[in-house]
Each structure stands twice: as C-alpha cells, then as structure tokens.
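Have the model open while you read.

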Amino acid sequence: YYDLVFDKIRKGGFIVADNVLWSGKVLGKEKLDEDTKALIDFNKKIQSDIRVENVLFPVRDGLMVVRKL
C-alpha cells in the first residue's frame, strides 16, 4: 500500500503504520513467517527511502509515523 498511496500524499503529509514490530518477531530470533518477512521488508523500505523521515514508537506492537519531505 505504501507505493500505491505515496504519490497521493502531499508534501508534509503523513503515513501511519501500525504493528511494525510484530510482537518482536521482526528481530528475526525465531523462524520467520510470510507476514514477518513482509514487515521486515516494509521497515527496511521506509528506512532507505530518502523522500521521507520517520519515527517508530515502540508502543505495543510498534507504531511508525512517516512524513513525506
């Protein structure tokens, strides 16, 4: 969904993603299921995207707020 909505968001707009820590499964200490792999890929994509800045709140399963530059 990130790629689908990105161009529709104005400069300075926000994307909020919930459950980005996935009960800690994204740390890869156990066998990774398909959903966990997808969240790891999403998190890496956000971190490497120079068009945005972000903050991750480690509340419950993780809340990431992404702001388009």
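## Leu 69 and its neighbours

Leaving out residues up to four places away in sequence, Leu 69 touches Lys 11, Ile 50, Arg 51, Val 52 and Glu 53; contact here means heavy atoms within 4.5 Å. Leu 69 sits in the segment after β3. Its relative accessible area is 44%, so Leu 69 counts as partly exposed (buried is under 20%, exposed over 50%, partly exposed in between, with a 1.4 Å probe and protein chains only). Leu 69 and Val 59 are 10 residues apart in sequence, yet 25 Å apart in space, C-alpha to C-alpha.

## Where the numbers come from

This is a predicted model: local features need pLDDT of at least 70, side-chain atom pairs count only at pLDDT 80 or more, and totals for chains, interfaces and linings use all residues. Residues are numbered from 1 along each chain as its sequence is written, and side-chain values use heavy atoms, with hydrogens and water left out.

## Helix α2

Now for α2, which covers residues 34-48. Helices are DSSP runs of H or I with at least four residues, strands are E runs of at least two, and both are numbered from the N terminus. At the start of α2, a side-chain oxygen of Asp 33 comes to within 3.1 Å of the backbone nitrogen of Asp 35.

Which residues of α2 are buried? They are Thr 36, Leu 39, Ile 40, Phe 42, Asn 43 and Ile 46. Seen down the helix axis, these buried residues fall within an arc of 160°, so they line one face of α2 (the arc is taken from the directions from the helix axis to the C-beta atoms). They pack against α1, β1, β2 and β3. On the other side of α2, Glu 34, Asp 41, Lys 44 and Ser 48 are exposed.

How values were computed. Expected span 1.5 Å × (residues − 1). Polar contact = N/O pair within 3.5 Å; in protein donor to acceptor, adjacent residues only side chain to side chain.
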